[in-house]
Amino acid sequence: ILRVGALCFDHLGKLVDAYSILQNTNNNCAGGATPWQTWLSCEEIPYGAVWECNPFGRQPPVIREALGRFKHEAIAVDTRNLQLYLTEDEPDGCLYRYTAISLDSAGFPNLETGKLEVMQVLHDQGNRVVWHAVRNPSANDQPTRKQSVLATHFNGGEGIWYQNGIVY
């Protein structure tokens with residue numbers, strides 16, 4: 001059984017607990033932390049999903065179909081604009097942006113319904129970036145990165161980080 005786990009340390013750095021927060025998924029990769037205290041675990045397989053996990057083990061994990069079905073690597077949350085950025089680990093992978101249609105009761109993005117977009121870099125316009133809607137983020141019959149002919153492709157998107165208005 002494949003599992004994603006949480007490790008708890010005391011103030012001296014001593015391991016005091018370890019437990020599973022997600023199981024029965026495939027080849028989970030980097031993922032990312034959210035400012036609302038969950039962990040987004042990314043399946044790094046074709047048509048892989050993103051699972052939202054409670055690192056404290058208080059709620060069961062939830063699959064987030066609106067974040068797309070592709071070979072996910074990592075996620076960064078833009079805390080200013082409340083958008084998520086997702087990398088794809090493929091030789092012709094893309095960079096994606098998720099914008100929620102609504103916020104939850106705490107003011108965080110609702111990950112159940114929103115808009116997934118793929119990035120295009122306009123090299124002839126000073127590397128300006130534009131975003132194009134992904135037609136069917138949860139498709140299992142057409143790779144997400146091939147749903148827009150305008151998408152810019154990257155060789156193996158890996159980690160991603162958001163800080164002070166910039167996505168790295």
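Visitor: What makes a residue a contact of Tyr-96, and which residues qualify once its neighbours within four places in sequence are left aside?

Guide: Contact means heavy atoms within 4.5 Å. On that test, and skipping those neighbours, Tyr-96 is in contact with Phe-70, Leu-84, Tyr-85, Leu-86, Glu-88, Leu-116, Glu-117, Val-118, Trp-131, Val-134, Thr-144 and Arg-145. Bear in mind that this is a predicted model, where local features need pLDDT of at least 70 and side-chain atom pairs count only at pLDDT 80 or more, while totals for chains, interfaces and linings use all residues. Residues are numbered from 1 along each chain as its sequence is written, and side-chain values use heavy atoms, leaving out hydrogens and water.

Visitor: What makes a group of residues a nonpolar core, and how many residues has the largest one?

Guide: The members must be buried Ala, Val, Leu, Ile, Met, Phe, Trp, Tyr or Cys, joined through side-chain atoms within 4.5 Å. Buried means under 20% relative accessible area, exposed is over 50%, and partly exposed is in between (1.4 Å probe, protein chains only). The largest such set has 20 residues, and Ile-75, Leu-84, Leu-86, Tyr-96 and Tyr-98 have the most contacts inside it. Strands β4, β7 (72–78), β8 (83–88), β9 and β10 each supply at least two residues, with β9 giving the most, three residues. A second core stands separate: it has nine residues, including Ala-74, Met-119, Ile-160 and Tyr-162.

Visitor: Which strands make up the open sheet, and in what order?

Guide: Two strands pair if DSSP finds at least two bridges between them. The open sheet has four strands in the order β3-β4-β5-β6, with antiparallel pairing. Strands β3 (32–33) and β6 (62–63) are called edges, as each pairs on one side only.

Visitor: How do you know that β5 pairs with β4, and with β6?

Guide: Count the bridges. β4 and β5 have four, in the antiparallel sense, and β5 (residues 50–53) and β6 have two, also antiparallel. Two is what the rule asks for, so β5 and β6 count as paired. Looking at residues, Glu-52 has Leu-40 opposite and Val-62 of β6 as a bridge partner, while Trp-51 bridges to Ile-63. Val-50 and Glu-52 point one way from β5, Trp-51 and Cys-53 the other, and all are buried.

Visitor: Why is the pair of Trp-36 and Phe-108 called tilted?

Guide: Rings of Phe, Tyr and Trp (its six-membered ring) pair if their centres lie within 6.5 Å; planes under 30 degrees apart are stacked, over 60 edge-to-face, and the rest tilted. The structure holds three aromatic pairs. In this one the centres are 5.3 Å apart and the planes sit at 40°, so it lands in the tilted class. Trp-36 is in the loop between β3 and β4 (39–42) and Phe-108 in the loop between β9 (95–100) and β10 (114–122), so the pair ties together parts 72 residues apart in sequence. At 14%, Trp-36 is buried, whereas Phe-108, at 22%, is partly exposed.

Visitor: How do you know how many disulfides there are?

Guide: A disulfide here is a pair of cysteine sulfur atoms within 2.5 Å, and the count is zero. For Cys-8 the nearest cysteine sulfur is that of Cys-53, 14 Å away. For Cys-42 it's that of Cys-29, at 7.6 Å. Cys-8 has 23% relative accessibility and so is partly exposed; Cys-42 has 0% and so is buried.

Visitor: What makes the phi of Asn-27 worth a remark?

Guide: Most residues other than glycine have a negative phi. Asn-27, though, has a positive one, near 50°. Asn-27 lies in the loop between β2 (15–23) and β3 and, at 44%, counts as partly exposed. Gln-37 also has a positive phi, near 70°, and sits in the loop between β3 and β4.

Visitor: Why is Ile-101 called exposed?

Guide: Its relative accessibility is 65%, so Ile-101 passes the cut-off for exposed. Ile-101 is in the loop between β9 and β10, in contact with Thr-113 and Gly-114 when neighbours within four places in sequence are left aside.
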